[in-house]
Amino acid sequence: MCGIAGFLGVAASPAVARNDLETMIATLAHRGPDACGFHVDDGIGLAHSRLAIIDPVGGAQPMSNPRGSVWISFNGEIFNYIELRKSLQAMGHQFRTESDTEVIVHLYDRYGDRFVEHLNGQFAIALWDDERKRLLLVRDRAGIRPLFYRRSGGRLWFASEIKALHAAQPGQARIDAQGLVQALTFWAAVEPDTVFADIRNLAPGHLLAIESDGRETLTRYWDWHFPEHGAPAPFASFDDAVGSLRDLLIDAVRLQLRADVPVGAYLSGGLDSSAIVALIRHYTETPLRTFSIAFEDAEFDESIHQQTMVRHLGTEHTTLNCRRKDIGEAFPRLIRHAEAPLLRTAPVPLMLLSARVREAGYKVVLTGEGADEVFAGYDLFKEAKVRRFWARQPESRLRPQLLGRLYGYLDQSPVASPAFARAFFGQGMEYLDRPVFAHMPRWTTSQRALGFLSDEFRASVGDWDAAAFYEKTLPAGIMRWSPLSRDQYVEAKSLMGGYLLSSQGDRAAMANSVEGRFPFLDHRLIEFANRLPPQWKIRGLTEKHILRQALADLLPASILQRSKQPYRAPDSSSFFDQGKPLDYVADLLSGDRIRRAGYFDAKRVGHLFEKCRAGRASGFADNQAFVGILSTMLLDDQFVRQGSS
């Protein structure tokens, strides 16, 4: 794991080019504190900050092929680099290092742009072909590692984080109205948009090629594909699929444990992280070192289940006890790293946990992230199944009662009152035959934050329809997929890619120079799961059915049979101490600051502020709006105001 930065285009002089690169890469020191490297040539500049994990001695970057004709600055890991190296050596390629980075330049020499199809990993790559004078920017299939770019001053600039782009052109940071509205609705701006004007986010599974004559080609080399609804399953039987899944899980974990430094694992107490840790214990020789978060609030705390797994597997374990006060105090630092508005505080405890991981001497952790998207684990998927069942008899009073089996982990569950459940989940029924059907209740809730925008700022977006906007980003044939497949695709492309793998994943871990790895997002595992019949994923209202069967002999019954409890943390209550707001909260949400920034209506924000101060925030809508407004104001303060001063 590392940070990369660079530019394409002619600088005033080599000295100016080097200074630009040094300025950019200095902002990414947290991503790679072990070493720093540069490559400057006519029309190209590459910089790299290194977190040394594989071949710490020989893997310095930027790195070239033996002829010096191909240069690379690369962030991430190629997990199958050993197998690729052997294959390339058999074809006559000679290697100077033991690193995974060198494998990439040899693959490019051999296969050209199709080199990326051979990679099993998580990566953001900048590759310069000096002979053809062309630059490639490439991002991994699932979107685990970030890569941003902008055009300014006659050059194309790129970096792992937006702050490096701001450093190269100080004073240019502006909040983009369209990006902010997207983020407050979908939990993240939709690629290629970001919340900052003129800065683009390279989408997962894409390769951007810039040729010597300035031509650009954006290629999608991979995507989540599903079979047509009703297509026969390509498996001999359910049991055959269970066995194949078990083999794939073992191999994904084995590959992602590859490192020349110690590797740990997160243990939340849920099925997914418990599965990863159990697979490590039973199928590898890696010493088990686990880390988890405990909360003072019982609604969020899963420590009893974490300790069940610690005892079951005998791990050496560290627990971070997280208080509301800790979340509120650390929130500004998280926003500085996330570079995006947030609707939840959940990334903050994970950032604090990664600091504990680093203090324990670990640079790498495996997590269970991705299993819910790949195997349909969220209540959202079951909710959509019930709502579709209900829609076939909309007057039924019995069918919506099935919703009562969902969201049992919430203190203020929307299913606690049958009448409220009917009203809440009855929203968006007019979208029944559209691909965003499952997500409309969530987006309707989050969109309430748009009601706090100032009239002037809202008007700058124009007439905006969230569902229509998002559907334009979806594959043309998506309605030929099963309803569950459609729901999974939207979830993977919205919440997972834009928020979970970014603010709650890469940024929360890399804030403390820790690399997160996600075996459930091995592309072979995704492709396998996408071919499964929907009923093998959700059986009745039991989520991740086939995954549970594949793990049946590895986990305690209490873990194996647990319903999904999504990881969450206290939201608006984290910013008040007995009704007194934290100092920075009082300042940023004051009427004067809100009016000067111009994004929100000061009067409406004031009412929400007082409501949350009194502890009367009602459910997700108020909490998400409060966190969204506060995080936006922090972005304005940290990047727009300070960047222009």
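The model is predicted. The chain holds 26 helices and 19 strands. Its radius of gyration is 24 Å, close to the 26 Å that the globule rule gives for 645 residues, so the chain is as compact as a globular protein of that length.

**Overall dimensions and packing**

- Taken along the principal axes, the C-alpha atoms of the protein chain fill a box of roughly 70 × 65 × 50 Å.
- Of the 645 residues, 64% count as buried.
- The accessible surface of the chain amounts to about 23,700 Å², and carbon and sulfur atoms account for 49% of that surface.
- Considering contacts between residues at least 6 apart in sequence, 72% join residues that are at least 24 apart.

**The six-stranded antiparallel sheet**

- Six strands form an open sheet in the order β4-β5-β6-β7-β11-β12, and their pairing is antiparallel.
- The edges are taken by β4 (63-64) and β12 (216-220); each has a single partner strand, so one side of each is left without a neighbour in the sheet.
- Helix α3 (residues 100-111) packs on this sheet and touches β4, β5 (70-78), β6 (121-129) and β7 (134-139).
- The direction of α3 makes about 125° with that of β5.
- Strand β11 (residues 206-210) pairs with β12 in the antiparallel sense over five bridges.
- Within this pair, Ile 210 stands opposite Glu 216 of β12.

**The five-stranded parallel sheet**

- A second open sheet has five strands in the order β15-β14-β13-β16-β17, with parallel pairing.
- Its edge strands are β15 (316-322) and β17 (515-517); since each has a single partner strand, one side of each is left without a neighbour in the sheet.
- On average, neighbouring strands of this sheet are turned by 30° against each other, direction ignored.
- Three bridges connect β16 (residues 364-366) with β17 in the parallel sense.
- Leu 366 is located opposite Arg 517 in β17.

- Strand β1 (residues 2-8) is mostly covered, with seven of its seven residues buried.
- Cys 2, Ile 4, Gly 6 and Leu 8 point one way from β1, while Gly 3, Ala 5 and Phe 7 point the other way; all are buried.
- Strand β1 runs antiparallel to β3 (residues 44-50), to which seven bridges join it.
- The bridge partner of Cys 2 in β3 is Arg 50.
- Strand β1 is also joined to β9 (residues 155-159), in antiparallel fashion, by four bridges.
- Ala 5 has Ala 159 as its bridge partner in β9.

- Helix α6 (residues 238-256) has 19 residues, which should span 27 Å at 1.5 Å a residue; its end C-alpha atoms are 27 Å apart, which agrees.
- The buried residues of α6 include Ala 241, Val 242, Leu 245, Leu 248, Leu 249 and Ala 252, and among them are also Arg 246, Asp 251 and Gln 256.
- An α-helix has 3.6 residues a turn, so residues three or four places apart point the same way.
- Helix α10 (residues 347-359) has 13 residues and reaches 19 Å from its first C-alpha to its last, close to the 18 Å expected at 1.5 Å a residue.
- Buried positions in α10 include Pro 347, Pro 349, Leu 350, Met 351, Leu 353 and Val 357.
- Just after α10, Gly 361 adopts a positive phi of about 95°.

- Trp 187 lies in the loop between α5 (177-186) and β10 (200-201).
- With a relative accessible area of 9%, Trp 187 is buried, because the cut-off is under 20%.
- Not counting residues up to four places away in sequence, Trp 187 touches Gln 182, Pro 341, Leu 343, Arg 344, Arg 442, Ser 446, Leu 495, Tyr 499 and Gln 624.
- The C-alpha atoms of Trp 187 and Met 496 are separated by 9.6 Å, although the two residues are 309 apart along the chain.
- Arg 336 belongs to helix α9 (residues 324-338).
- The relative accessibility of Arg 336 is 33%, so it counts as partly exposed.
- Leaving aside neighbours within four places in sequence, Arg 336 is in contact with Lys 163, Gln 638 and Phe 639.
- Arg 336 and Ile 162 lie 174 residues apart along the chain, and their C-alpha atoms are separated by 10 Å.

How values were computed: Residues numbered from 1 in each chain as written. Predicted model: local features only at pLDDT ≥ 70, side-chain atom pairs only at ≥ 80, totals over all residues. Heavy atoms only, no water. Pairing = 2+ DSSP bridges. Helix = DSSP H or I, 4+ residues; strand = E, 2+ residues; numbered from the N terminus. Contact = heavy atoms within 4.5 Å. Axes fitted to C-alpha atoms, helices over the stretch in contact; angles between N-to-C directions. Rg over C-alpha atoms; globule rule 2.2 N^0.38 Å. Buried < 20%, exposed > 50% of the residue type's maximum accessible area, 1.4 Å probe, protein only. Areas by Shrake-Rupley, 256 points an atom, 1.4 Å probe, with all protein chains shown as cover. Expected span 1.5 Å × (residues − 1).
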